[in-house]
Amino acid sequence: MAYVSVLREPSASRSLESRQKAKKLGVEGERIAKQWLANHGYTILDNNYQPKKHEIDLVAIEGGDLVIIEVKTRNDTSAGLPEDAVDHRKRQSLIRLADHYVRSNNWQGNTRFDVVGIVMHNGQPEINLIKNAFNVMCY
């Protein structure tokens, strides 16, 4: 028996209202993460960097490194931790976008990938920062 893989947009079966709520939550999460990171020593250089179809949520400098930051925000953890949503495909996309950013800006130093997971509890964010969340050498 042959195995057939069907690819579809993850949000294809979600209602318009559901997608709009998710988008609003994502925008709020990025705003929270940007402020939190700035308060913790990151210098934000860019947000929503989008040279192609996909985007980098935040680009910053921290500790002399260029940091590519993916932000994931959820209202609860019923579907898992938000940072777990940065899967292999998303990491590959971020690596390609980071390469574009580095080349476009002639960056000569180290680059790393951080992930910020945010879970909202009654309007209050619980923030989890994962520095060096993944390594380019693994791909």
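Let me start with two strands: β4, residues 111–121, and β5 pair in the antiparallel sense over 8 bridges. Two strands count as paired if DSSP finds at least two bridges between them. Strands here are DSSP runs of E with at least two residues, helices are runs of H or I with at least four, and both are numbered from the N terminus. One of the bridges joins V119 to E126 in β5.

Before going on, the sources. This is a predicted model, where local features need pLDDT of at least 70 and side-chain atom pairs count only at pLDDT 80 or more, while totals for chains, interfaces and linings use all residues. Residues are numbered from 1 along each chain as its sequence is written, and side-chain values use heavy atoms, with hydrogens and water left out.

Now the whole sheet. Strands of a sheet pair through backbone hydrogen bonds, either parallel or antiparallel. This sheet is open, has 5 strands in the order β1-β2-β3-β4-β5, and its pairing is mixed. Which strands are at the edges? They are β1 (43–49) and β5 (124–134), each pairing on one side only.

Next, helix α2. It has 17 residues, which at 1.5 Å a residue should span 24 Å, and its end C-alpha atoms are 24 Å apart, so the two agree. The expected span is 1.5 Å times one less than the number of residues. Buried residues in α2 are K90, S93, L94, I95, L97, A98, Y101 and V102. Buried means under 20% relative accessible area, exposed means over 50%, and partly exposed is in between, with a 1.4 Å probe and protein chains only. What covers these buried residues of α2? The cover includes β1, β2 (56–62), β3 (65–74), β4 and β5, with contact meaning heavy atoms within 4.5 Å.

Last, aromatic pairs. Rings of Phe, Tyr and Trp (its six-membered ring) pair if their centres lie within 6.5 Å; planes under 30 degrees apart are stacked, over 60 edge-to-face, and the rest tilted. The count comes to 2 pairs. Y49 and Y101 are edge-to-face, 4.8 Å centre to centre with 80 degrees between the planes. Y49 lies in β1 and Y101 in α2 (residues 88–104), so this pair ties together parts 52 residues apart in sequence. Both Y49 and Y101 are buried.

F113 and F134 are stacked, at 4.6 Å centre to centre and 25 degrees between the planes. F113 is in β4 and F134 in β5, 21 residues apart. F113 is buried at 3% relative accessible area, and F134 counts as buried at 10%.
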